[in-house]
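Good morning, colleagues. Please have the sequence and the structure open while I speak.

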Amino acid sequence: MEMINAIGRRKSSVARVYLTKGEGKIVINGKDYKAYFPQVHVQQSITDPFKTVSAESIYDLNVNVVGGGFKGQAEAVRMAISRALVKLNEDFRKPLKDKKYLTRDAREVERKKYGKPKARKSFQFSKR
């Protein structure tokens, strides 16, 4: 098996995943994923695609992720891993799609408008 790559996006984060045969090491931007994402719930969201298709500790991952915060980056990595697993084996598509790991969440931050303090918030209205 050669290297399989995939891209995942979420908010303003972009993750590139390179999947190879190995013993389950996940490296994100040169660090172990547990050091890069210290929160336990975020670590679980990254390993969820492997648990869904019961393929833990079979593949090594090298991930490059840029932009956004830790939540957006984690979900971008999760999507990229899911896409790579589907490229590897088409039978993985159904369980991953059922958990919505292959769906791009298109919600983005709305831009701030002039004359307003935030995107939609207005200053207090005074009639008199």
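I begin with a definition of exposure: a residue is buried at under 20% relative accessible area, exposed at over 50%, and partly exposed in between, with a 1.4 Å probe and protein chains only. On this scale Arg107, at 57% relative accessibility, is exposed. What we are viewing is a predicted model, in which local features need pLDDT of at least 70, side-chain atom pairs count only at pLDDT 80 or more, and totals for chains, interfaces and linings use all residues. Residues are numbered from 1 along each chain as its sequence is written, and side-chain values use heavy atoms, with hydrogens and water left out.

Let me turn to the sheet. Helices (H or I, at least four residues) and strands (E, at least two) are DSSP runs, numbered from the N terminus, and two strands pair if DSSP finds at least two bridges between them. Five strands make an open sheet in the order β1-β2-β5-β3-β4, and the pairing is mixed. Strands β1 (4–10) and β4 (31–32) are at the edges with a single partner strand each, so one side of each has no neighbour in the sheet.

How do β1 and β2 pair? They are antiparallel, with seven bridges, and Arg9 stands opposite Val14 of β2. The two strands form a hairpin with two residues between them, and in that turn Lys11 has a positive phi of about 50 degrees. Strand β2 is also joined to β5 by eight bridges, again in an antiparallel arrangement; here Ala15 has Val65 as its bridge partner. By contrast, β3 (residues 26–28) and β5 (residues 59–66) are parallel, over three bridges. Within β5, Leu61 is the bridge partner of Ile26.

Next, the helices. Contact here means heavy atoms within 4.5 Å. Axes are lines fitted to C-alpha atoms, for helices over the stretch in contact, and angles run from 0 to 180 degrees between N-to-C directions. Helix α3 (residues 70–88) lies across β1, β2 and β5, and runs at about 145 degrees to β1. Strand β1 has a covered face formed by Ile4, Ala6, Gly8 and Arg10, while Asn5, Ile7 and Arg9 are on its uncovered face.

What is inside? In general, nonpolar side chains tend to be buried together in soluble globular proteins. A nonpolar core is taken as a set of buried Ala, Val, Leu, Ile, Met, Phe, Trp, Tyr and Cys residues joined through side-chain atoms within 4.5 Å. The largest such core has 30 residues, and those with the most contacts inside it are Ile28, Ile46, Phe50, Leu61, Ile81, Leu85 and Leu96. Two or more residues come from each of β1, β2, β3, α2, β5 and α3, and α3 gives the most, with eight residues. Phe50 deserves a moment: setting aside neighbours within four places in sequence, Phe50 is in contact with Leu19, Ile26, Ala55, Glu56, Tyr59, Leu61, Ile81 and Leu85.

One further item concerns aromatic rings. Rings of Phe, Tyr and Trp (its six-membered ring) pair if their centres lie within 6.5 Å; planes under 30 degrees apart count as stacked, over 60 as edge-to-face and the rest as tilted. The count is one aromatic pair. Tyr36 and Phe37 form that pair, which is edge-to-face, at 4.9 Å centre to centre and 90 degrees between the planes. Tyr36 is partly exposed at 22%, whereas Phe37 is buried at 1%.

Finally, charges. A salt bridge requires a side-chain nitrogen of Lys or Arg within 4 Å of a carboxyl oxygen of Asp or Glu. How many salt bridges does this rule give? The count is nine. Asp105 and Arg107 form one, at 2.8 Å from N to O, and Asp105 is partly exposed at 24%. Both belong to a network of salt bridges that links Arg10, Lys71, Glu75, Asp105 and Arg107. Lys113 bridges to Glu110, with the closest N and O atoms 2.6 Å apart; Lys113 is partly exposed at 26%, and Glu110 is partly exposed at 37%. In the salt bridge between Arg93 and Glu90, the closest N and O atoms are 3.9 Å apart, and Arg93 is partly exposed, at 37% relative accessibility.
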